[in-house]
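Please examine the sequence and the structure shown below.

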Amino acid sequence: MQKLVSGFSRKAGMIPGTLVHVGEEGGAPVRVTALRYGPDHAEEFVVEDLGTFLATPTPPGVTWLNVEGVHDIEVIRRLGDHFGLHPLLQEDIVNTEQRPKLEDYGDYLFLVLRMLYEQPSAENDDLVEIDSEQVSLVLGTDLVITFLEDPQDVFEPVRNRIRENRGRVRKSGADYLAYALMDVIVDNYFIVLERFSDLAESLEVAVMGDPDPTTLPAIQQMKRAMIQVRRTIWPLRDVVSALLRGESRLIKKATVVYLRDVYDHLVRVVDIVETYREMVGGLMDIYLSTLSNRMNEVMKVLTIIATIFIPLTFIAGVYGMNFDNIPELHWRHGYWYVWGLMLVSGVLLLLFFRRKKWL
Amino acid sequence: MQKLVSGFSRKAGMIPGTLVHVGEEGGAPVRVTALRYGPDHAEEFVVEDLGTFLATPTPPGVTWLNVEGVHDIEVIRRLGDHFGLHPLLQEDIVNTEQRPKLEDYGDYLFLVLRMLYEQPSAENDDLVEIDSEQVSLVLGTDLVITFLEDPQDVFEPVRNRIRENRGRVRKSGADYLAYALMDVIVDNYFIVLERFSDLAESLEVAVMGDPDPTTLPAIQQMKRAMIQVRRTIWPLRDVVSALLRGESRLIKKATVVYLRDVYDHLVRVVDIVETYREMVGGLMDIYLSTLSNRMNEVMKVLTIIATIFIPLTFIAGVYGMNFDNIPELHWRHGYWYVWGLMLVSGVLLLLFFRRKKWL
Amino acid sequence: MQKLVSGFSRKAGMIPGTLVHVGEEGGAPVRVTALRYGPDHAEEFVVEDLGTFLATPTPPGVTWLNVEGVHDIEVIRRLGDHFGLHPLLQEDIVNTEQRPKLEDYGDYLFLVLRMLYEQPSAENDDLVEIDSEQVSLVLGTDLVITFLEDPQDVFEPVRNRIRENRGRVRKSGADYLAYALMDVIVDNYFIVLERFSDLAESLEVAVMGDPDPTTLPAIQQMKRAMIQVRRTIWPLRDVVSALLRGESRLIKKATVVYLRDVYDHLVRVVDIVETYREMVGGLMDIYLSTLSNRMNEVMKVLTIIATIFIPLTFIAGVYGMNFDNIPELHWRHGYWYVWGLMLVSGVLLLLFFRRKKWL
Amino acid sequence: MQKLVSGFSRKAGMIPGTLVHVGEEGGAPVRVTALRYGPDHAEEFVVEDLGTFLATPTPPGVTWLNVEGVHDIEVIRRLGDHFGLHPLLQEDIVNTEQRPKLEDYGDYLFLVLRMLYEQPSAENDDLVEIDSEQVSLVLGTDLVITFLEDPQDVFEPVRNRIRENRGRVRKSGADYLAYALMDVIVDNYFIVLERFSDLAESLEVAVMGDPDPTTLPAIQQMKRAMIQVRRTIWPLRDVVSALLRGESRLIKKATVVYLRDVYDHLVRVVDIVETYREMVGGLMDIYLSTLSNRMNEVMKVLTIIATIFIPLTFIAGVYGMNFDNIPELHWRHGYWYVWGLMLVSGVLLLLFFRRKKWL
Amino acid sequence: MQKLVSGFSRKAGMIPGTLVHVGEEGGAPVRVTALRYGPDHAEEFVVEDLGTFLATPTPPGVTWLNVEGVHDIEVIRRLGDHFGLHPLLQEDIVNTEQRPKLEDYGDYLFLVLRMLYEQPSAENDDLVEIDSEQVSLVLGTDLVITFLEDPQDVFEPVRNRIRENRGRVRKSGADYLAYALMDVIVDNYFIVLERFSDLAESLEVAVMGDPDPTTLPAIQQMKRAMIQVRRTIWPLRDVVSALLRGESRLIKKATVVYLRDVYDHLVRVVDIVETYREMVGGLMDIYLSTLSNRMNEVMKVLTIIATIFIPLTFIAGVYGMNFDNIPELHWRHGYWYVWGLMLVSGVLLLLFFRRKKWL
């Protein structure tokens, strides 16, 4: 069972706003990349020295800072202090077990999103384990800062669109960029769902046909994975829905229609997850009734064999008795008569079972 | 288990608004038909050359364009660009796995509906599989455009009413036409429900009487089909309910009363589906208790036979022993006494079972 | 299983507002009765010729038209057209499978109510089957029209109160009459509930004591009947609640307090139905555990008999062997020693079972 | 199973506002007591002659009329007509199967409350049966009228506080008195809950340890009792919540804080009832798995005994055969060899069972 | 089963606002400590004599009074009367079985919170029992009073921050102090959740592998513990949510963002508890199917052994009969033929079982 809470004992009792990285320790050093673009230009570079970068005045156009790795608290604090991010926000960035949420700090919006990806299980191909990573996104005026737990290329398609000036991204503002990044993350959910689809199919075949001891853990594991996906997506839906209400001046009207599209996708994801949940719940029922059916079959075989032979054995026992005067024993064809009696009673019992539809 | 997600990996990471047909590949070429009518006239023709058609100025009256097949992206794009449809809307038309939804783009409304029809199963008449196809509908001023996945004659009754000037359709505007088309689609849901009705009845008879190994899959399949129907109808109800609020100037007051009728039908469909869901849930319970009952019966037979003969066999065994001095063996009527003993103990056990109501 | 949908295939694709009677075919001819009253007078007559009646000018006071039978579409249409009833409303009157609903057409209110009555089952007294009939009610200024599926005397108490000028009905307007008719219908629900009460009691006794094969279908049938009652009452509650909001000028302030009373009754009916649903759900649990308990008892008997005699039979078998030199066989009291051994082992096993509390 | 509906057939079809006592027939005559008080005085007397009492002009201060018994319709009607109570309200007083509710008639508030008390069960101490009685309360200006089904001393503590001028009741108005009476009723709920607490504990011990045939009915009975308590408390919560909104001029601001306290108590009662419901639901699960466990144990014993002795009996059977030439029979120590064989196979089987952890 | 209600019978019928300590009797005497601080100073002392303390005029800055132990009613009353706390509020402080709640008395806010901690179980490490203690908090202008049931050091981290002037607490007002105390309490919930996490894991291992009789009580106990945690946290969430709405002038704008952080934590706690609840519900299912699987295995062993040997024993019985003329007995290799027959039939049955996948 995956741990849902960890590292909290370390944090309990600390001053609110204290930056303590809660999450897996990333080994790689933090890498900050910057992408600056406008309708006519796009410039991309790795920020080697954060001090110099922050000291340089910002040229016009949209700036997208991407921070890969949140375990280096110093980097987060310097960025946060430079851009005036609230200490609690900074704390949420490094504490990577947040639920998706939206916080409106007036000058900037803070979004917590979560990436889902499948953790391959070495032992059993039918066990799906879902892992999630926090993606924090700050949306300011002409500014987007994203914080990833690990170096990942999930945003690469968006980066390419900016580089090659495809789509509307270069022509639009920072809010469209934030939308494009959310869209990429939500699109990735469908890949996890496709995996669910395959797994549900193979589990169903297993359960209907010949469930083995690994079937039950696989069902449970899938149930749990879906609880987890739902835990990630439900609050995200609320986040996007809050963005759609357009209460922040940072989200322009033209972007709302795109956010509505993301919202639609999320509703669909929720819908599909709920459907799978119901189906997997049904699998459990089938599994239990398959067990019952099997037991029934085992019992029938036992009953048929026992019921046929027990009376026969009794008859044989009777004529194995050593009484002085058992007349049948001395009949001429007594032995064959007894065989006849046994055959008849056996056949009668078989007919009885057939009438009961046990054969 | 039917796939709920497919083709998404193909789409992930693309620019929003990119037209990629997600759905089954239609073999037939796309066919566009136009129907133009007013109170006194109705003109119907196949659009052979889209360019010429779009270049021709539109005469007064309502124009209904029906596009059969959405896999030809070029057709969708040209129509969309001509009528000023948003790129995301065009994307939704070709990506035919949308949930029913309503989007108000100001100048036009975009509705996604879904047709339900039963997929006949060759192997087993008791397995009902429901398939659905997307129907996209754009409602503008004096304009309705419908997009179907496959050539279908579901709209034929409406077309006939226009041709023959029956009902109010010729006298009313484009919003009434949109209503009439939705009405036809919702009416078709009842046909699927009638199939459910028959199936639930036959399943109940099977479960109560003599469930066989196909009963369980049939119950599961029906459950799933109903989940799917619900997935289609619930959001459609919200769509119609949103139309009823009459916030769009494209829906005239006089049409709202008709939409309320569609809404009523949908509420009834939802109601019936929910009722069947509860009933099918009950079938599962009966199925499991029928299994238990059967097991009980098997066990009783085994117990009765075994319990009667085991003591008798023991008695026979006793007098089969080879001790030198077993006095009973040499009694005159010893053999018959033993038979008497056996009969008495057998009868006593039968009486015991009768008292337990096992016989 | 009762059919929830029927006759829809006949209707699908027709022009909205087409009158097609969906429901059982009533054999009797349609009968229209009129009751006209004011504070000082009440006049009652059968409308033999609808044309003459509708041509006669209406005197002051309240007019109540009661139409028994809705299968004669001509009658409905002529009444509807005379009083200006919307075609969709007329359609709903003849299509007698509506859910309870309220529609405000401005000049008149249209209410669909449903009568519940028990369908006696010839075979089994424990099977309760609930049938329902649609009662359509149009409330206009000084006008109430009621449409019943069958000739029934359910409104007789109200008619008597008008005839004998008892209560407030003669002094009040058409809205009070509508209330009085609804009140009579809701009061009848309690009669169905009393039947449930009796049945639940007898089912519980059966389930706790000695469930037989008819118990399970009876539980299922009762569950289903309650689903059906709920399907009728829930929407009716919304209907009355909508009337209570008093948005229509047709409902006078003084009548609202009476409608609140109807609403209270409905809430109580819902409450009672929900309680029975929970109780019947519990019956299913008891039924299943009674099955388990029985199985347990059967198994215990088998185990006790088999476990006692199997070792004894083995001992007898041993001394039935034909080895040349089995010393025990030639002991003086060998036979009695063996009996002693058998008795001791039998008694030990009985003590073992007693310690396990199986005896 | 307790009857939830009764006496309705008697009422159906009557004129609304007709007073028909629905409930158990109280034997004792109706007794009306009056308590008049102000900050400096309190006067208490039994109203022997209602006519005289009502004719006497009311002195200043609060008047509390307490009516014990509602089966004397004449008393209710005379009081009701004197104080201008609506006929439907009078009907609700005598029909003692109301749900808790609040009705605001402008000049006075009408509250229906319910007392809960445990009906002791003579046969079985583990069966808890909850009964409830209606308490109707009319709150007017300087007037409180309470109607009880039976003579009870539940209000005695409040009466004492008035007599002895303890607490704020004498200094406050009629609304505080109404609050004090509600508070006493709600406090009594906790006594019923304490009984649940004890019972749940003893049921849990029984279920975990050694459930007997009375355990299941006891669980069911407790479930049902809790459904009933919930049926009483949920609507009462709404009643108090409606009072809290302070829409009636009859409830003074200073009293609202006290009503909030009652509301808190009710929320706690709901909370505790829900918790017990979940726990008792869990008991059912444990009960069923205890049954399964027992069956398992029975089967194991049978299997162990049968599996050990069946092969041994077979061996004995083999050497009981009468073939002419069975060499083993004539071996010198053949008999002991066979014993050895039997011992070895028995020990091997015992080891097998131990490996399976059945022993 | 933990008692949810206790001591109420003592309280029923008392005057509202009567201080009766409901809860465990604390042995230690009540200890009151005061902490006064401002941006530049912090003073901390034990209040030995309450009278003197209350008589001394309050210096500027924030005063935090911490009362450890609420069983000394005199202390509560004197404090309450001095600071003008409502009698019902005083009653809630000493009656330590309140649900978390927020009450706005205008001049001060009253919050009831609950600490959760694990009660170690001596007997069984897998049984988790959660206990909770009430923490009452009064927030006035520049004043915070906290009431604890027992002397505890849970607030020590906050006290240290004030002493050492770390974080914002010295620079902020009483509302920030109240927030900091709530934050400390909520942070402690995560410690309880971590214990759940460990336990759920070990239970899952037990259930999947080899459930023993203690597993079921452990699951039940965990379920119950989670119900209890939820009972504590759900209302607390509403409390914080109400504070967030910022309707009280006592909560400054700057503090709201911190309260939002507490709210986020609570939502996460709720989320995790709900997830564990679903998982533990799943454990119950696995447990039951593990029981079924075991039964299946037991039955299979019995069936295989019995089914193989019963026919063989019958054959042996046949040739143990004493008929005069059984030809086979006198065949030369009859004995070996019979062994052959037995071997063949045994092998055939083994093959049958293998085909059934029972071996």
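**The interface of chains A and B**

Across the interface of chain A and chain B, eight salt bridges are found (a salt bridge being a side-chain nitrogen of Lys or Arg within 4 Å of a carboxyl oxygen of Asp or Glu). The model is predicted: local features need pLDDT of at least 70 and side-chain atom pairs pLDDT 80 or more, while totals for chains, interfaces and linings use all residues. Residues are numbered from 1 along each chain as its sequence is written, chains are lettered from A and ligands numbered from 1 in the order in which they are written, and side-chain values use heavy atoms, without hydrogens and water.

A:E204 forms a salt bridge with B:R224, with the closest N and O atoms 2.2 Å apart. Chain A contributes 65 residues to the contact and chain B 69 residues, where contact means heavy atoms within 4.5 Å. On the side of chain A that touches chain B, α8(A) gives the most, with 32 residues; helices are DSSP runs of H or I with at least four residues, and strands are runs of E with at least two, numbered from the N terminus.

**Two helices of chain D**

Helix α5 (residues 156-163) and helix α6 (residues 174-209) of chain D pack at an angle of about 140°, their axes lying 9 Å apart. Axes are lines fitted to C-alpha atoms, for helices over the stretch in contact, and angles run from 0 to 180 degrees between N-to-C directions. α5(D) and α6(D) are therefore oblique to each other, since angles under 35 degrees count as roughly parallel, over 145 as roughly antiparallel, 65 to 115 as roughly perpendicular and the rest as oblique. From α5(D), the contact is made by D:V158, D:R161 and D:I162, and from α6(D) by D:L177, D:A180, D:L181 and D:V184.
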